[in-house]
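Morning, everyone. Please have a look at the model on the screen, and then I will go through some local features.

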Amino acid sequence: MATVGASLGASLPPVGSALAQGAPAAAKGPKLLEMEGKAKLAVLGDKPLVAETQAELLDDNVTPTNKLFIRNNGQVPDVTGDPKAWKVKIDGEVNTPLEITVGDLMSKFPAVTYQLMLECGGNGRSFFSPDARGNQWTNGGAGCPMWTGVRLADVLKSAGLKSSAVYIGSYGADPTLAGDTDKPSISRGVPIAKAMEEHSLIAFKLNGQDMPLIHGAPVRLVIPGWPASVSTKWLNRIWVRDKEHDGPGMGGFSYRVPKTPIVPGSKGNEKDMAILESMPVRSVITFPADGSKLTSRKLDLRGHAWAGDFDIKTVDISTDYGVTWKPAKVDAPANKYAWQNFSASIELPTTGYYEVWAKATDSKGVTQPFQAANWNPQGYGANPINRIRVLVES
């Protein structure tokens, strides 16, 4: 295994500059998060708070709570009192509307624990050219921790879904940025079929501990494989709908991608947009860190790959700008919707500067593009091949 020395990230040219992929946020010297219980994530926004996990901090097989990214849309609510007394309303197209406490959720429904992906819909946005609106995520709007909760399907079944039920809309207690508590900061939803999957949860534990407030305490949805904005934090209502949910964050260009490719930088047409559902295939090299100095030509690298609703079929590595590729070893996921670890051992031909590229292909045969494709005004779905820079010295 190559010995990894000090990072040279600041002194090396931007990765993939010739293809305008954009340098990782870490190389730009981002503001770092200062929050008790959290690692020094890269802050992308203060109001609302948005912080991504640098690639090298994603190296754990199970994402520790302190390294899980943060994406708020409003303010963090003031949650006090007994968390088991917190109530979640289930109404709309159900036979028996419910208002159930967290304590009842825990006692009346079986608890399950899964390792599940959580990924922001805008993950990879910084790779678009020209820039798209929104937080400029690199690849760090993603994590794969352990979630414990009850199946959303069990709760919906207990309310008795009507035949007219086709969609859910979910609401959280977070005030808007202006401090309003009588309207949602965001309210997104998913089709009933996705809500009824066995891995869609109302979660109350994160990595075996009570849900932290910043991540949605006391309960939140976890809808894996889809944009994290549907995994509502501080959950207090699920509205079962007889049509596609139309809450804030569901219309216009929000979490939507073009049905047909549009000119990058153009305004686009709202009528030609489709809801982003399953997240695209992506791979991230987590070791060594971008900009590492190596003292050996033998490089053992590792990372994770995932693909929304699908599995990873292959991950390939190139050290010659895509001229040749070598297959990486890809592990099976811990369970459906968990990321898959990959690793490779590479003998670099000489000392000097290299870009190491990773390219994942999912179980449908869809592979990562060389550049962020299907540009859209709000920058969803950018998943170009991952690139890091290394410098090998004798």
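Residues are numbered from 1 along each chain as its sequence is written, and side-chain values use heavy atoms, with hydrogens and water left out.

Confidence. pLDDT is the predictor's confidence in each residue, from 0 to 100. The protein chain has a mean of 94, and 93% of its residues reach 70 or more. Over residues 16–27 the pLDDT is below 50. Beyond near neighbours in sequence, that stretch has 28 contacts in the model (heavy atoms within 4.5 Å). Where pLDDT is low, the predicted coordinates should not be read in detail.

Now the sheet. Strands are DSSP runs of E, at least two residues, numbered from the N terminus. Two strands pair if DSSP finds at least two bridges between them. Here 3 strands form an open sheet, order E2-E3-E4, with antiparallel pairing. Strands E2 (42–45) and E4 (70–71) each have a single partner strand, so one side of each lacks a neighbour in the sheet. E3 (residues 50–52) is joined to E4 by 2 bridges. Val 50 stands opposite Arg 71 in E4.

Next, the backbone. In the loop between E2 and E3 lies Pro 48. A cis peptide bond joins Lys 47 to Pro 48, omega about 0°. Ser 129 to Pro 130 is also cis, omega near 0°.

Finally, Tyr 337 has a positive phi of about 75°, although it is not a glycine. Is Tyr 337 buried or exposed? Buried (under 20% relative accessible area), at 5%.

Note on methods:
This is a predicted model: local features need pLDDT of at least 70, side-chain atom pairs count only at pLDDT 80 or more; totals for chains, interfaces and linings use all residues. Helices (H or I, at least four residues) and strands (E, at least two) are DSSP runs, numbered from the N terminus. Buried means under 20% relative accessible area, exposed over 50%, partly exposed in between (1.4 Å probe, protein chains only).
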